[in-house]
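The following note collects several points on the strands and helices of the model shown below. Please read each point beside the coordinates.

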Amino acid sequence: MLPSREILHSAAVVVLLGLFLSCGSAHDSDEFFVFVSANLQVPYWKTAGAGFSKAAAQMKVRSDFTGPQNYDPKAERDALDQAVQKKATGILLAVTDPALLKDSIDKAVAAGIPVITMDSDAPASKRLFFIGTNNYQAGFTGGQRLAQELKGKGNVVVFTMPDQSNLQDRLRGYKDALAPTPGIKITRVVDIQGDPRIAFDTATQIVGKERDKVDGFVCLEAQSGKEIAGVLNSYHVAGKVVIAMDTDQETLDWIQKDVIAATIAQKPYTMAFVGMQMLDNLYHHKPPSLDTDWSKDSFAPIPSFVDTGSALIDKSNVDAFLQAKQSVTGGQK
């Protein structure tokens with residue numbers, strides 16, 4: 001259950017979004033919004049795409065969800081450039097490599113196309129603002145649960161993609177949460193490069209050669225947790241702590257089977273749904289400039305960060321989460 005402070009914060013965000021979105025005017029045939037991401041085959045991004053499409057359908061505007069099916073930042077950059085060439089009305093961008101995408105983001109904004117980032121940010125670019133999880137807090141929550149599960153002592157391997165700013169923030173949150181328990185040490189950080197096979201192979205290697213040297217596995221992205229759980233289950237390895245990220249069906253299944261201790265649930269559907277609405281509002285009510293750092297303006301017409309929230313899912317609430325998910329998606333995985 002959310003603490004009262006977080007409930008109040010969430011309620012305030014809802015009120016602000018209502019005010020921000022309530023002043024939209026009629027839509028027209030010129031509106032064409034594009035959501036650019038990578039790894040589109042991953043359930044997380046399918047959920048986000050559904051949120052974007054749902055919001056566009058409600059407003060009866062044209063939209064496109066595009067990008068590479070695998071983790072390919074260069075291909076994502078190409079998809080972003082193509083959206084600019086097609087004169088998109090607005091672009092929602094899930095950032096893979098902020099340094100690689102920066103110039104393309106800036107060119108889009110220079111062309112008069114507002115760009116909002118979601119899930120992972122590119123703060124050095126001219127994007128207008130970021131919608132997503134407070135990733136530091138998500139990592140801190142995971143770190144607290146890890147310390148509890150390990151009872152203050154153990155060696156941990158982290159699986160991540162270190163170039164992504166959101167995953168950097170999550171790791172920072174973990175490290176700060178673990179600081180009061182020096183008996184827990186992060187002994188290795190694995191870059192999975194967007195490829196779950198790397199997580200599978202690394203976990204297999206650890207189980208085969210380093211089983212007694214590793215007590216916990218931390219997954220800062222959605223793909224590693226289920227791979228590691230599968231390896232532990234196949235080799236009948238018990239007593240290891242796995243903290244996962246996100247809520248695809250396999251991850252939740254492993255929680256029900258007591259192989260994954262917990263996962264951090266984000267809200268990709270909400271991120272993309274709200275992102276689409278905000279892009280539409282920017283089209284109808286353009287700020288005085290797209291090329292302004294509004295984060296430093298106390299009277300800015302747009303936010304600098306919209307926190308869509310996160311929650312910890314474990315054996316105690318996974319069934320309730322699945323029931324809620326089914327009521328929204330009709331049972332789709």
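Which residue in β10 is the bridge partner of I243?

1. The bridge partner is A262 of β10. Strand β9 and strand β10 (residues 262-265) pair in the parallel sense over three bridges; two strands count as paired if DSSP finds at least two bridges between them. Helices (H or I, at least four residues) and strands (E, at least two) are DSSP runs, numbered from the N terminus.

2. The model is predicted: local features need pLDDT of at least 70 and side-chain atom pairs count only at pLDDT 80 or more, while totals for chains, interfaces and linings use all residues. Residues are numbered from 1 along each chain as its sequence is written, and side-chain values use heavy atoms, with hydrogens and water left out.

3. Five of the five residues of β9 (residues 241-245) are buried, so this strand is largely enclosed by the rest of the structure. Buried means under 20% relative accessible area, exposed over 50%, and partly exposed in between (1.4 Å probe, protein chains only). The cover extends to both faces of β9, with V241, I243 and M245 on one side and V242 and A244 on the other.

4. Strand β8 (residues 216-219) runs parallel to β9 and is joined to it by three bridges; G216 is opposite V241 of β9. From β8 the chain passes through helix α8 (residues 224-234) to β9 in a right-handed β-α-β crossover.

5. An open sheet of six strands, with parallel pairing, has the order β2-β1-β3-β4-β5-β11. Because β2 (62-66) and β11 (305-307) stand at the edges with a single partner strand each, one side of each has no neighbour in the sheet. The twist from one strand to the next averages 20°; axes are lines fitted to C-alpha atoms, for helices over the stretch in contact, and angles run from 0 to 180 degrees between N-to-C directions.

6. Strand β1 (residues 32-36) pairs with β2 in the parallel sense through five bridges, and V34 has D64 in β2 as its bridge partner. Helix α2 (residues 43-59) lies across β1, β2, β3 (90-93) and β4 (115-118), at about 170° to β1.

7. R197 is located in helix α7 (residues 196-209) and is exposed, with a relative accessible area of 59%.

Definitions and conventions:
A crossover is right-handed if, with the strands pointing away from the viewer, the path from the first strand over the helix to the second runs clockwise. Contact means heavy atoms within 4.5 Å.
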